[in-house]
Amino acid sequence: RDIVPGSQAPEIQAQDTAGQPVQLSDYRGRFVLLTFWLSACQKCRDQFAELKALQKDLSPSAHLAILSYSFNIQKDYWTTAIREERADWDHFSHLKGYEVPVTEAYMIDNMPMYYFLDPQGRVINRYRFASRAAAEVRALLGQP
């Protein structure tokens, strides 16, 4: 199945850093910038600066949630990277590496990867770089 603009984003059910269940559909009613990353991926971590700037720039009225899915296996590597990068947004994972349906459902063949979703959970666009994703989010949501 190909994920193209206008298609429904596949559901993801995983756990947050506290072990609580999280579903992508929990974010319906908000725009979502869905990111896919791994703590060992320095390129992924370097691009968090762009996400932090986006989060800081947008007003709450933009109704944007940044949600990161990690392909980590070890929880402590995952949570340490989040803390070190000050990635203050929602995170979730299966903690099973790439051997999860998410990999195929979202066609993850390189990281980081970003999907911008509308409030109904439909794909607006897909990106390889946080800067491009952030620029389109800002343009669509009318922010500077």
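C44 is buried, its relative accessible area being 0%, where buried denotes under 20% relative accessible area, exposed over 50%, and partly exposed the range in between (1.4 Å probe, protein chains only). The model is a predicted one, in which local features require pLDDT of at least 70 and side-chain atom pairs count only at pLDDT 80 or more, whereas totals for chains, interfaces and linings use all residues. Residues are numbered from 1 along each chain as its sequence is written, and side-chain values rest on heavy atoms, with hydrogens and water left out.

C44 forms a disulfide with C41, the two sulfur atoms lying 2.4 Å apart; the criterion applied is a pair of cysteine sulfur atoms within 2.5 Å, and by this rule the count comes to 1 disulfide. The link of C41 and C44 is right-handed, with 85° about the S-S bond. C41 is likewise buried, at a relative accessible area of 15%.

Aromatic pairs were assigned to rings of Phe, Tyr and Trp (its six-membered ring) with centres within 6.5 Å, planes under 30 degrees apart being counted as stacked, over 60 as edge-to-face and the rest as tilted. By this rule the count comes to 11 aromatic pairs. In the pair of F36 and Y115, the ring centres are 6.1 Å apart and the planes stand at 90°, so the arrangement is edge-to-face. Because F36 belongs to strand β3 (residues 31–37) and Y115 to strand β6 (residues 113–117), this pair ties together parts that are 79 residues apart in sequence; strands here are DSSP runs of E of at least two residues, numbered from the N terminus. Both F36 and Y115 are buried, and they belong to one aromatic cluster that also contains Y69, F71, F92, Y98 and Y106.

A18 itself lies in the loop between β1 (13–15) and β2 (21–23), and at 58% relative accessibility A18 counts as exposed.

The largest pocket has a volume of about 190 Å³. A pocket is taken as an open set of points, on a 1 Å grid over the protein atoms alone, where a 1.4 Å probe fits, with protein on both sides within 12 Å along at least five of seven lines, and lining residues have an atom within 4 Å of a point. The lining of the largest pocket includes R30, Q55, W89 and D90, while strand β4 (residues 64–70) contributes the largest share of that lining, 3 residues. The lining residues divide into 7 nonpolar, 3 polar and 2 charged.

Note on methods: Helices (H or I, at least four residues) and strands (E, at least two) are DSSP runs, numbered from the N terminus. Grid points are joined across faces, edges and corners, and a volume is the space filled by probe spheres set on the points. Ala, Val, Leu, Ile, Met, Phe, Trp, Tyr, Cys and Pro count as nonpolar, Asp, Glu, Lys and Arg as charged, and the others, Gly among them, as polar.
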